[in-house]
Amino acid sequence: MRSISRTTQTADRMERYTPVAQALHWLTAVLMLTAVVLAWVFMAMPNAAGSRFALITLHKSIGQTIFFLAVFRQIWRYRHPPPLMNGRFTRWEACAAWWNHWLLYAIMILMPLSGYILATVAARPSPYFWLFYWPQPSHIPVLAHAALRVHLIGQFFVYAFVGLHILGAGWHVLVRRDGTLDRMLPSQDQKPAESASFHPNGSNRCTDSQTVVPHGPAVDR
Ligand code: HEM
């Protein structure tokens, strides 16, 4: 049945992400922003500043949460495939979105992992939200310094991927006006979702040819 639910879509209407996928998306977005701002703040503080350790603990706890959310999102995504892209997106838009989404997932895994490894250089491990300590990997200086480099350089990929993602969302809202943002927002429609019809060419892969159809509202899956 999974393949049918994945490939159901009316010609002029788009489906939405599930409410769980939407909630995970917006929670991750808020956590990403908070983690980045915290990093800027504690990096600008003198080492001896009293609240620095608390900010680092919060940054690390949020980063670890982003990691677990990203893993859970992958499981959820597998069991509840995202709404189809075709029929609405041009091929380049579908390709750009596909790459951007996977690069975002990659960075949501890479940044916390490199942070976890680089933290072995810290004299004081920090507890997860002041609750408990994760097992500490043994300190291997070469690995820790490589992880530090990955983490510091990785931040620029975060800015680039998130920036492009938001620009892409803006493009769909302001230029294409195709309701793409609605796919990631709760339905405003009180009426029950229209029954979706089978779409034989349904796919989310950007290699498939895309046909742009007239605009229409999104429907719930
Ligand atoms: C103002 C901020 C943001 C807006 C307006 C936004 C908007 C959207 C929209 C509209 C989609 C659905 C695209 C589609 O229909 O195919 C989406 C998907 C996605 N967004 Fe965002 N987003 C924002 C921030 C973020 C952040 C900070 C991250 C994480 C780093 C993120 C990660 C993702 C991922 C991974 C997907 C793909 C979900 C999937 O298919 O599994 N977004 N976003």
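This is a predicted model: local features need pLDDT of at least 70, side-chain atom pairs count only at pLDDT 80 or more; totals for chains, interfaces and linings use all residues.
Start with the ligand. Select the 20 residues around the ligand; Ala 29, His 101, Ala 169, Arg 183 and Met 184 come nearest. Colour this shell by residue class, and it divides into 13 nonpolar, five polar and two charged residues. Next, show the helices α2 (19-44), α4 (91-118) and α5 (141-176), each of which supplies at least two residues of the shell. The largest share comes from α4, with five residues.

Now move to the largest nonpolar core. Select Met 32, Ala 35, Leu 38, Ala 39, Ile 62, Ile 66, Ala 70, Ile 107, Met 108, Met 111 and Phe 161, the 11 residues of this core. Two or more of the core residues come from each of α2, α3 (52-79) and α4. Here the largest share, four residues, belongs to α2.

Leaving aside neighbours within four places in sequence, Ile 66 is in contact with Thr 28, Leu 31, Met 32, Ala 35, Met 108 and Pro 112.

Finish on α2. Select Ala 21, Met 32, Ala 35, Leu 38 and Ala 39, the buried residues of this helix.

Key:
Residues are numbered from 1 along each chain as its sequence is written. A residue is near a molecule or strand if its C-beta atom, placed from the backbone, lies within 6 Å of it. Ala, Val, Leu, Ile, Met, Phe, Trp, Tyr, Cys and Pro count as nonpolar, Asp, Glu, Lys and Arg as charged, and the others, Gly among them, as polar. A nonpolar core is a set of buried Ala, Val, Leu, Ile, Met, Phe, Trp, Tyr and Cys residues joined through C-beta atoms within 7 Å. A residue is buried if 20 or more other C-beta atoms lie within 10 Å of its own, exposed if 12 or fewer, and partly exposed in between; C-beta atoms are placed from the backbone. Two residues are in contact if their C-beta atoms, placed from the backbone, lie within 7 Å.
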